[in-house]
Amino acid sequence: MVSIIENQRVSKRRQTSRTRHNNKSAGFNSEFMNQFRQKPISHKKIKGRPKPLFNSPKPVLRPLFTAIKGFKITLSSIATAALIAGTIIFAIAALNWEEFSIKMPEFHLSDNTSAEQQTIQYAATGISSILPPINIQEEQTPPDVKTDDPHGILVAFEWRQHRVQRGESVSVIAQKFGVSIGAVIASNEIRNARRLQEGAVLRIPNIDGIPYQIKKGDSLSRIAASFNVPLEVILDVNDIKSDVIKAGETIFIPGARMNDIDLRLSLGDLFMYPLHSRFITSYYGIRKDPKTGILQHHTGVDFRANTGTTVMATLDGVVEVVAENWLYGKYIIISHGNGYKTLYAHLNSFNVKEKDRVARGRKIGEVGNTGYSTGPHLHFEIWDRNNRRVNPLELLN
């Protein structure tokens with residue numbers, strides 16, 4: 001390294017000529033630089049040019065430096081300063097500077113304020129660069145809404161009345177009032193939604209949910225846990241002041257739903273037909289006895305079918321009885337989880353035994369002509385949760 005430094009020669013740099021252009025450049029020859037050479041443009045003296053405002057070539061005032069947010073503006077004359085000052089005064093007058101300010105919101109957000117409320121309140125400041133504009137009038141709280149409810153049940157609960165119009169169904173009414181089908185059915189104890197009578201007056205809750213009749217041994221905490229609804233919500237909606245409740249009373253459970261079996265039962269979509277054939281020879285109700293001719297109450301429906309025809313379970317359940325007697329002949333009783341039971345009589349044979357769990361549509365036996373019968377057929381009955389026989393055709397789908 002020392003030898004390299006010693007061998008270097010340093011010569012004095014030549015001064016550039018005042019009369020001749022120095023065309024030498026690092027890495028470029030004279031021909032290349034001639035392409036960029038330009039002749040100076042001569043300026044002719046313009047007649048009538050306005051005289052300077054001041055005879056002195058130097059400004060009378062020292063340069064005035066004004067700092068505005070980090071920017072410096074140099075004012076070189078009184079005229080320039082006056083022009084800028086006038087511009088500023090005009091701008092202030094146009095903008096009404098006294099009222100030009102961002103007002104901070106007067107509210108204070110607590111830790112318990114919901115994110116939605118914070119968003120609405122923040123948008124109320126008018127700062128549109130962060131949030132899109134929100135119509136505050138549409139966000140105002142209706143007069144029947146509670147503002148201190150931490151569980152989201154904002155509307156004060158009340159019952160409304162509706163008179164059924166011609167052609168209306170439960171689903172249409174539920175959609176009209178913005179509640180579930182189960183809310184309409186449970187609130188009016190509708191057993192068969194397909195037979196809704198015109199002119200009937202229904203009570204409709206203004207919030208979705210179902211009524212619940214308190215049973216012996218119930219407690220509010222147990223009811224809240226079973227429906228997965230906060231206890232405070234049940235207390236507020238029903239205006240309950242104490243934990244003392246009585247059996248037989250009815251309370252409203254907001255947000256609750258009917259169980260699937262009861263809902264399908266009311267809609268007539270619960271029980272399927274026990275036979276593929278639906279040829280009915282005798283209906284439910286008063287009829288003449290086929291042997292004696294005496295008027296008697298027929299407790300079920302008779303389906304005509306050939307001996308050996310498959311008989312199916314109309315709903316999931318557990319086989320409770322597999323037996324035979326003089327009246328029903330060979331018969332099966334199936335118990336369903338919703339308290340309902342079905343009976344299949346005059347069978348030729350069995351395909352299940354007691355305590356068997358069966359699914360809807362499974363084969364349980366075959367049509368026969370056993371017991372008090374005049375020919376091969378299936379006698380079918382449905383018992384409700386009160387152990388009373390009901391018309392099967394109102395529940396079969």
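The lining of the largest pocket divides into 12 nonpolar, 7 polar and 11 charged residues. The model is predicted.

User: What makes Ala186 nonpolar and Glu189 charged in the lining of the largest pocket?
Analyst: Ala186 and Glu189 are among the lining residues nearest the pocket centre, with Met258, Asp262 and Arg385. Ala counts as nonpolar and Glu as charged, so Ala186 and Glu189 take those labels.

User: How many residues line the largest pocket, and what is its volume?
Analyst: The lining has 30 residues. The volume is about 1,000 Å³.

User: Which elements supply at least two residues each of that lining?
Analyst: H6, strand S5 (209-213) and helix H9 (260-266) do. S5 gives the largest share, 4 residues.

User: Why is H6 called a helix?
Analyst: H6 covers residues 181-188 and includes Asn188. A helix is a DSSP run of H or I with at least four residues, so H6 carries the name. The chain has 9 helices and 18 strands.

User: Why is the pair of Asn188 and Arg203 called a polar contact?
Analyst: A polar atom of the Asn188 side chain lies 2.9 Å from the backbone nitrogen of Arg203. The cut-off is 3.5 Å, so the distance of 2.9 Å falls within it.

User: What does Asn188 touch, leaving out residues up to four places away in sequence?
Analyst: Asn188 touches Val201, Leu202, Arg203 and Ile204. Touching rests on heavy atoms within 4.5 Å.

User: What share of the chain counts as buried?
Analyst: Of its 397 residues, 30% do. Buried means under 20% relative accessible area, so that share falls below this cut-off.

Notes: Residues are numbered from 1 along each chain as its sequence is written. This is a predicted model: local features need pLDDT of at least 70, side-chain atom pairs count only at pLDDT 80 or more; totals for chains, interfaces and linings use all residues. Side-chain values use heavy atoms; hydrogens and water are left out. Buried means under 20% relative accessible area, exposed over 50%, partly exposed in between (1.4 Å probe, protein chains only). A polar contact is a pair of N or O atoms within 3.5 Å; within protein, one must be able to donate a hydrogen and the other to accept it, and residues adjacent in sequence count only if both atoms are side-chain atoms. On a 1 Å grid over the protein atoms alone, a cavity is a set of points where a 1.4 Å probe fits but cannot get out, and a pocket is an open set with protein on both sides within 12 Å along at least five of seven lines; lining residues have an atom within 4 Å of a point. Grid points are joined across faces, edges and corners, and a volume is the space filled by probe spheres set on the points.
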